[in-house]
Amino acid sequence: MSSLDFARGWIFTTGPRERPVKVPQDWQTCAVCELTGWVHPSTRITHAMEDDAAVVFIGRVVDLEADSGDAGVIAQELLGTLRSDGLEATIRRVSYLGGRYVALIRWNGEWACVPDAGAMMKAFWGSRDGAHIIASHQPLVADAVSASQSPQALELRRRLSAQRRTGTVFWPGALSPYQGIRPLLANHALRWTSGESPRHERFYPWMDLPQMTPAESREKFTQLFRDHVRLLMASQPVVAVSLTGGDDSQATLAAALEYWRPGDITWTYYDFRNPTALGQKDLLRANGLAVRLGLVHKVVPLAAPSSNDFQRSYDRSFTSTRQNPVLAHAVHEHLSSNILELHSLVAEVGTGFYSNNTGAQLSPEGLRDLFQGANDFTGVPGLRQVMEDFIDYSNFSEESLRDRDFKDMFYWEGRLGTWGSLRVQELTMSHDVALPFNQRDIIEALQTSPQEERDARSPLRALAADRLS
């Protein structure tokens, strides 16, 4: 096996402590109470334990409320929250942290696995013979529980790809190419006690959004976003802002400029083999902005993978879930492994990706129509049932979503956390990735803006105009 196999990956099990077959030998072993884990050499892991309480962070975590990027201190403080307020309050507190992480929390014999705001640190789970396995990559879980691939799921995915006319096709709902394996969705926790089956439970939203004026929403977003970027940049000596011509990445750059250091860069990618008008626009706007600001800017050229070793590691890591192997290989070839990329995914949870779909209904058919976009997947057998399963698995109902627009929540939980987080995971074969919009207070501040402000991306454009003009 290569060090690129399941890069920055991890796996934890409640079962036997023998190393699973697919786990490389150079992965570190980590035991926390009755859990045994193995983590890739580049995976950040922090834990704090005391008596029956434990908090484990996998990935990069920052705390805007405490103005801290010290994962050890954050974990230790959460032990105090467990003792004083219990597991429910701790889950909620963890869900408002920033960064890109998965948290494992133990209290009074119960475990909870909690994702970051956007579930941008992938987590999948499965069970076998009473043992529960949680891991970063589906093939790791499949190997540990001896799960076979699902012919029905693979055929559904093949039909979707064959009928796609535009956009990205990704695994719909909570569907997996493996039988019995599920994703941990955003706004949910996986909870279990010894001897019981895991429960995938919604914990958010538990209250309505606060009422704010447009000016208050914009001010809150700007301050929180700048603080998040500052803490993320302080956690790594060199950052690389992924820059395009879009409002999202320009807002990220605007916030980062305040804390810019020698060595920090911007970058974009371009397919010189297949130029497009949209690609050229992004390339030229990003290049022009970086030049005007005097920043070091790199253009990563897309090309067919030249490394068989990389391709084999990619195929082993993303069996049946490939998104963009060409981009994953290009950044591995052209960007340094010691950077922290600031990527602007998650912004559209706040700005409203599906806001134009005004006639959509919360139903299996309605979610199918949102998923397909400009494609026509109505005749694909099984897709409606996948959406029905998603509604059941995620407790996706008007009552449970409170005052939230179900279209925002479907993008958040059913698109961003599947397609978006997988795209990020592919990039981490090269370097670590953080997402400045991936913090719950920031998302809520954007969602409290009037819909016309969200559609126009007014808070993002105001931040960019203030720093980049």
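**Close-up views of a predicted model**

View 1. The six strands run in the order 2-3-1-9-8-10 and pair in the antiparallel sense, where two strands count as paired if DSSP finds at least two bridges between them. Strand 2 (28-32) and strand 10 (182-183) stand at the edges with a single partner strand each, so one side of each has no neighbour in the sheet. Strand 1 (residues 10-13) and strand 3 (residues 35-39) are joined in the antiparallel sense over four bridges, and F12 stands opposite G37 in strand 3. Helices (H or I, at least four residues) and strands (E, at least two) are DSSP runs numbered from the N terminus. The model is predicted, so that local features need pLDDT of at least 70 and side-chain atom pairs count only at pLDDT 80 or more, while totals for chains, interfaces and linings use all residues. Residues are numbered from 1 along each chain as its sequence is written, and side-chain values use heavy atoms, with hydrogens and water left out.

**View 2. Helix 2 (residues 87-95) has buried residues on one side.** L87, T90, I91, V94 and S95 are buried, meaning that each has under 20% relative accessible area (1.4 Å probe, protein chains only). These residues lie on the same side of helix 2 because they cover an arc of only 135° around the axis, the arc being that of the directions from the helix axis to the C-beta atoms. An α-helix has 3.6 residues a turn, so residues three or four places apart point the same way. The cover over the buried residues of helix 2 includes strand 5 (53-62), helix 1 (71-85), strand 6 (98-107), strand 7 (110-115), strand 11 (188-193) and helix 15 (440-447).

**View 3. L435 sits in the loop between strand 17 and helix 15.** L435 is buried, with a relative accessible area of 0%. Leaving aside neighbours within four places in sequence, L435 is in contact (heavy atoms within 4.5 Å) with R100, M120, H228, L232, H343, L345, V346 and V424. The C-alpha atoms of L435 and R100 are separated by 7.1 Å, although the two residues are 335 residues apart along the chain.

**View 4. The largest pocket holds about 1,400 Å³ of space.** Of the 41 residues that line the largest pocket, T244, Y269, L278, D282 and R423 are the closest to its centre. On a 1 Å grid over the protein atoms alone, a pocket is an open set of points with protein on both sides within 12 Å along at least five of seven lines, a cavity is a set of points where a 1.4 Å probe fits but cannot get out, and lining residues have an atom within 4 Å of a point. Grid points are joined across faces, edges and corners, and a volume is the space filled by probe spheres set on the points. Among the elements that each supply at least two residues of this lining are helix 7 (277-293) and helix 14 (406-427).

**View 5. The largest cavity has about 190 Å³ of space.** Its lining consists of 19 residues, of which K122, F124, Q138, T321 and L422 lie nearest the centre. Helix 14 gives the most to this lining, with four residues.

**View 6. The second largest cavity has a volume of about 100 Å³.** Residues lining the second largest cavity include R8, R44, R60, R100 and D432, and strand 5 and strand 17 (432-434) each supply at least two residues of the lining.

Note on methods: Buried means under 20% relative accessible area, exposed over 50%, partly exposed in between (1.4 Å probe, protein chains only).
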